Each structure stands twice: as structure tokens, then as C-alpha cells.
Amino acid sequence: MEHPPYRLAEEFDRFLGDPDDPGEVFSYARCAELDEQEEFPADICDRFQEWGLSDEYVPVEHGGRLHDYEQVLQLVRTVARRDLTCAIGHGKTYLGGVCVWVAGSAEQGARLGADIMAGVPVSLGLTERAHGSDLLANDVHTDDKADKADKADHWLVSGEKWLINNATRGSVLSLLTRTHPDGGPRGFSVLLVDKRELDEGTYRHLPKIPTLGIRGADISGIAFDGARVPRSALVGAEGAGLEIVLKALQLTRTMCAALSLGAGDHGLRLGLDFAEERELYGRRLIDIPQAGHVLAGAAADVLLHEAVALVAARAVQTQTAELSVTSAVVKYLLPTGTDQVLADLTGLLGARAFLKGVHANGRFQKVERDHRIVGLFDGNTLVNLNSLVNQFRPLVRGFKRGTGDTAGAGAACDLATPLPPLDPSKLSLVARHGSGVVAGLAASVEEITRRAARNPALDPVAEAARRLLAVTTEVHAEMEAYQGVLAEVPAAAFEVARRYTLCWAGAACVGLWTQSTDRLGDDPGTGALWRDGLWLRAALGRLLVRLGEPAANGRETGEELLGALRDARSSGRLFSLLPQRVPERRLAMPAAPSGETERTSC
């Protein structure tokens with residue numbers, strides 16, 4: 001693999017320096033200080049700007065460096081691995097610009113791109129205090145108070161947007177606005193509002209909202225009172241605002257995976273370090289079987305999430321027409337899964353998971369509460385499951401026929417395949433032909449079965465893959481009962497959608513392993529995870545249990561995975577499917593304890 005995307009993330013990580021060094025601008029100590037003060041990390045964001053992170057949010061056709069969404073995933077993951085407040089506060093600019101990347105003119109793209117690369121914060125004005133996720137009920141609107149001459153050149157915008165990230169700090173706002181009095185699906189438009197050009201007194205910022213997590217982020221709002229916005233601010237066609245936003249959210253929901261990956265990386269490392277250092281009952285915590293079991297399970301989930309995110313990020317460009325499914329799966333699965341990883345690790349750390357200044361300067365309690373909000377961004381859990389329920393008909397039909405973009409799925413799963421440029425015109429609100437990732441599962445299972453015939457060590461992987469295919473067939477049969485359900489979705493349909501996300505994830509993992517193991521299995525850093533299907537065996541085991549299948553004997557798998565996790569930590573590598581190094585200090589593994597040790601609780 002030549003110059004893979006994670007190499008730029010490694011370069012960025014080295015530029016940021018060792019986060020354990022309190023002298024670095026972007027250190028754990030500085031992030032804890034800012035969190036305590038509920039202060040925005042402006043100095044850290046300046047450091048990002050110095051490196052050029054904002055350039056990576058702007059597509060190349062608009063003057064930036066964004067040409068590979070897997071690369072964006074890795075860069076934002078690098079920031080999130082250190083601090084989620086910084087990742088969310090800075091990455092919000094990408095979210096603010098996506099409507100223009102999807103439907104804006106070349107002139108709008110060039111102008112916004114130049115602003116973003118110059119460090120101008122951008123935000124997305126979407127939600128409102130009274131309506132939440134019900135975008136069709138939004139009240140921010142244009143009115144007809146202007147005289148006829150003025151109406152030809154301007155809209156007058158009034159109303160309030162609330163719980164908007166960077167609403168106060170941002171200078172430019174992609175605003176979903178009701179431009180037809182009656183509203184409706186074709187009654188909303190997106191306006192690119194530049195606050196620097198608004199008349200004084202026609203808008204005001206709402207107070208910053210105190211939050212449990214990401215305490216330093218600018219979560220506030222903005223109110224308009226007859227603000228004159230030029231007609232040239234219209235993004236795409238008038239009345240197409242809802243469709244533009246929903247398509248833009250497919251991109252941002254997929255990229256939210258980076259936030260969960262970073263949080264999982266951080267939490268897992270903190271849990272491992274604690275288990276290596278803590279002594280109980282005359283031995284280290286890491287040597288107590290239950291502690292090792294918890295760590296191995298968390299490690300399996302972290303790799304599972306990484307595999308899903310890698311396939312999904314690449315599918316942005318290789319399977320664009322199916323992103324309505326991909327994004328909903330990822331936005332449901334990774335935030336909920338990472339919340340569970342952190343909950344499991346909380347049991348390992350005990351009281352220290354909640355305390356500041358005791359273990360690792362209280363970093364675990366910070367990452368745990370910071371990550372809780374990720375599941376709410378860009379559509380919450382129920383919104384994403386509901387999106388899948390609304391697509392049950394084409395998904396079932398596609399699975400029966402074996403249709404869907406299987407070629408695009410194969411390219412997404414082969415990490416060495418160059419990605420085509422993103423064509424936003426291919427974005428669709430429905431995956432009309434089904435899911436190519438799921439349609440390719442049967443062929444991937446056959447490939448693993450053939451490999452197992454030559455390598456008996458793969459027999460457990462092949463058996464797990466066959467079980468996954470059988471369950472996936474059953475889940476699609478369950479989906480048939482809820483085809484066409486749109487108005488009042490029964491609770492059982494959401495449960496079937498949840499099961500579908502697990503099947504999609506399993507298919508993505510199997511596809512990734514079959515397409516990429518020959519290239520990564522020989523790497524001295526990560527080869528042990530790929531050879532004999534170790535990470536895939538662990539990931540499928542976790543998924544099958546959540547699908548209600550009997551648990552296989554995973555003791556040996558867990559021990560192998562825990563060994564790989566400890567080896568990565570001691571050698572300065574990120575615990576990852578990819579051979580990435582990190583600038584953090586290596587963990588010196590303590591010697592086995594001898595003699596009497598104080599007996600205390602965790």
C-alpha cells in the first residue's frame with residue numbers, strides 16, 4: 001500500500017507532539033484544564049490551523065485538500081483520540097460546509113473554501129428549541145415585509161436556531177430556512193448566511209448552554225429578526241433545502257465515526273494502563289481472568305468499530321448511492337457500541353472511572369461523558385434506525401435478488417484500491433437497489449471457506465461467517481413484515497433495524513478481511529491480527545452474541561487479542577487494524593509482583 005491515508009494522520013500526530021507532555025499545546029493536561037474552566041480550546045484549534053487541518057475539510061474542486069474521506073476519518077480520529085471537545089469544536093466547520101459541497105455553486109464553494117482554509121469557523125443551523133429532529137416543523141422563515149424592489153435581491157430571515165455548535169463563534173452559517181409559508185417537503189431552502197454581512201441588530205447570539213460533556217464547546221444558538229440575506233446565499237434550488245440537508249447528513253453521519261473511534265482508542269488505552277499498573281490480592285489486575293476478559297471484549301469491539309468505519313468511509317466514494325444505508329448503520333452502531341465499551345471499562349476501573357486527579361488526571365470520566373453526546377449529533381439513534389426501517393422494502397428486495405453495488409462494496413473493502421472522486425449527484429435518500437455490502441456476504445463466506453480448506457486455523461472464522469450469513473437471511477425475512485411502514489413505526493421494527501445494523505457490520509468485516517488480509521497479514525506490526533483471522537474471529541463472535549446466537553468458546557481468541565493489545569501498547573503502536581504509530585509514551589510493563597500486596601478495591 002503506497003502512502004495510505006493513515007500515514008498523514010501519523011504525520012499530524014507527530015506535529016501535535018506527545019500529549020503526556022504538559023508543555024505541549026495539545027496535551028492531556030491542557031485539555032483537562034480547559035474542561036474544568038468550560039473554555040473553548042482556541043489555542044489548540046490555532047495549532048490545527050497551523051498544520052492545515054481546515055484544508056482537509058475543503059474538497060479539492062473548491063481549493064482544498066479533501067479528496068479521500070478515509071483520510072478525513074483518520075485525521076479527525078487522531079484529534080478525538082486526545083480530546084473529543086477539540087475534535088467536535090473544530091470539526092464542526094466541516095459539518096457547516098457540507099451543504100455547499102453537496103449542492104452549492106462553484107462560486108459559493110470557492111468562497112466558502114477560502115474562508116474555511118483561512119480559519120473562519122462555520123456552523124450548521126438546523127435544530128430548533130421546540131422541534132428537535134422534526135425538521136418539517138421548523139419555524140425559522142423568510143417573510144414578505146420587504147418592499148418589492150428589495151425582495152428581488154434579499155430575503156428577510158426571522159426565527160431562532162438552538163443547540164447549534166459554533167453558533168456564536170462561527171462567522172458563516174448554513175441555515176435551513178422555511179421559504180414557503182406552508183412549509184412541507186419542498187418548502188425549505190438552505191441559505192449560506194454570513195453574519196459579517198448582516199445588519200447590526202438583526203441577529204443575536206443565544207447564551208452558551210452548560211453541558212455534561214464537551215464542556216468547552218460553543219453549544220449555543222442564534223436568533224434572527226428580519227435579517228437581510230442576499231438571494232445569492234441560496235444553496236441549490238429554492239425548496240430543495242430538506243433534501244440537501246438529508247444528503248449532507250449522510251456524509252457527516254459517516255464521518256462521526258471518527259469521534260467514536262477516537263473515544264474508543266482513548267478509553268481502551270486508559271483501561272489497559274490501569275490494569276497493568278493496579279495490584280490486587282497479590283497480583284496485577286491484568287492477570288485476573290475477569291479483568292482480562294473485559295479488556296479483550298473492549299479490544300474486540302474497538303477493532304470491530306474500526307473495520308466498519310474504514311469500509312463506510314471508503315464507501316462514501318465507492319458506493320455513494322447507498323450512503324443512506326451506510327450512514328444510518330454507522331451512526332447508530334458506533335456511538336452506541338463505543339458507549340458500551342466505555343461502560344464495560346468503567347466496571348474495570350471502578351471508582352477511578354468517575355474521579356478527577358486520581359488515575360490519568362481524570363481522563364476516563366472526561367472521555368466517557370464527552371462521548372455521550374456523539375449519539376445525538378446529526379440524527380439520534382431512533383432517527384437512524386427509523387431511516388433504515390423506511391428502506392426495508394428495497395433492502396429486502398435487493399437481498400433476495402443479490403443486487404446492490406457489490407463492485408463498490410468490494411472497492412471499499414480493499415484498502416489498496418484507489419478511491420474515485422466523490423460525485424455528490426449520486427447521493428440518494430433511498431438505496432434503491434439494496435446494499436452491496438450485504439449482497440456480497442455470500443461470496444465472502446465462500447472465499448473464507450475455500451481458504452479454511454487450505455488453512456485449518458481459519459475453520460472457526462469460516463464457521464462464524466456461515467452463521468452470520470444464516471442469521472442475515474433470517475433478519476431479512478423479519479424485515480419483510482415491516483415493509484412500507486412509514487407513519488407509526490412499531491417498536492418491533494426498530495429492533496429488527498438494530499439487528500440489521502449488526503448484519504451489515506458483519507458483512508463489512510468479512511468483506512474487509514477477505515479483500516485486504518493478503519496485503520496486511522505480513523505486516524510486522526499488525527500481521528498477528530490479520531493472520532488466521534484473529535480480529536475477524538473476535539468481531540464476529542461479538543456480533544453473533546448480539547444477534548442472539550449462542551456464544552462460541554472465545555477464551556483462546558480473547559487471550560490472543562489481549563496479547564496483541566499489550567504488545568501494541570508496549571511498542572508504541574496504536575491498537576489498530578492498520579500499522580499506525582503514536583507519539584505517546586510507551587507503557588513500561590511492570591514486573592510480576594512479589595511478596596505481600598495491599599488488598600484494596602478497584
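The model is predicted. The largest pocket has a volume of about 1,300 Å³, while the largest cavity holds about 240 Å³ of space.

**Aromatic pairs and cluster**

- Phenylalanine 12 belongs to helix α1 (residues 5-16) and phenylalanine 48 to helix α3 (residues 42-51), so their pairing ties together parts that are 36 residues apart in sequence.
- Phenylalanine 12 has 0% relative accessibility and therefore counts as buried.
- Phenylalanine 48 likewise counts as buried, with a relative accessibility of 0%.
- One aromatic cluster is formed by Phe12, Phe26, Phe48 and Trp51.

**Charged groups over rings**

- Tryptophan 51, a member of the aromatic cluster, has the charged end of arginine 65 over its ring, 5.9 Å from the ring centre.
- Tryptophan 155 has arginine 231 over its face, at 4.2 Å from the ring centre.

**Largest cavity**

- The lining of the largest cavity consists of 15 residues, and those nearest the centre are Gly91, Lys92, Leu95, Cys256 and Leu259.
- Helices α4 (69-82), α5 (84-103) and α8 (241-255) each contribute at least two residues to this lining.
- The largest share of the lining, 6 residues, is supplied by α5.
- By class, the lining of the largest cavity comprises 10 nonpolar, 3 polar and 2 charged residues.

**Second largest cavity**

- The second largest cavity has a volume of about 140 Å³.
- Its lining has 16 residues, with Asp265, Leu268, Arg269, Leu574 and Phe575 nearest the centre.
- Two or more lining residues come from each of α9 (257-277) and α22 (555-570), and α9 gives the most, with 5 residues.
- The lining of the second largest cavity divides into 8 nonpolar, 1 polar and 7 charged residues.

**Lysine 247 in helix α8**

- Lysine 247 is located in helix α8, an element that also supplies at least two residues to the lining of the largest cavity.
- The relative accessibility of lysine 247 is 15%, and because buried means under 20%, this residue counts as buried.
- Leaving aside residues up to four places away in sequence, lysine 247 touches Val102, Leu427, Ser428 and Leu429.

**Largest pocket**

- The largest pocket, of about 1,300 Å³, is lined by 43 residues, and the closest to its centre are Ser133, Leu135, Arg253, Gly379 and Val383.
- At least two residues of the pocket lining come from each of α5, β3 (154-165), α8, α11 (323-349) and α13 (381-389).
- Helix α8 gives the most to this lining, with 6 residues.
- The pocket lining has 21 nonpolar, 14 polar and 8 charged residues.
- Helices α5 and α8 each supply at least two residues to the lining of the largest cavity and also at least two to that of the largest pocket.

Terms used. Residues are numbered from 1 along each chain as its sequence is written. This is a predicted model: local features need pLDDT of at least 70, side-chain atom pairs count only at pLDDT 80 or more; totals for chains, interfaces and linings use all residues. Side-chain values use heavy atoms; hydrogens and water are left out. Helices (H or I, at least four residues) and strands (E, at least two) are DSSP runs, numbered from the N terminus. Buried means under 20% relative accessible area, exposed over 50%, partly exposed in between (1.4 Å probe, protein chains only). Rings of Phe, Tyr and Trp (its six-membered ring) pair if their centres lie within 6.5 Å; planes under 30 degrees apart count as stacked, over 60 as edge-to-face and the rest as tilted. A charge sits over a ring if NZ of Lys or CZ of Arg is within 6 Å of the ring centre and within 35 degrees of the ring normal. On a 1 Å grid over the protein atoms alone, a cavity is a set of points where a 1.4 Å probe fits but cannot get out, and a pocket is an open set with protein on both sides within 12 Å along at least five of seven lines; lining residues have an atom within 4 Å of a point. Grid points are joined across faces, edges and corners, and a volume is the space filled by probe spheres set on the points. Ala, Val, Leu, Ile, Met, Phe, Trp, Tyr, Cys and Pro count as nonpolar, Asp, Glu, Lys and Arg as charged, and the others, Gly among them, as polar. Contact means heavy atoms within 4.5 Å.
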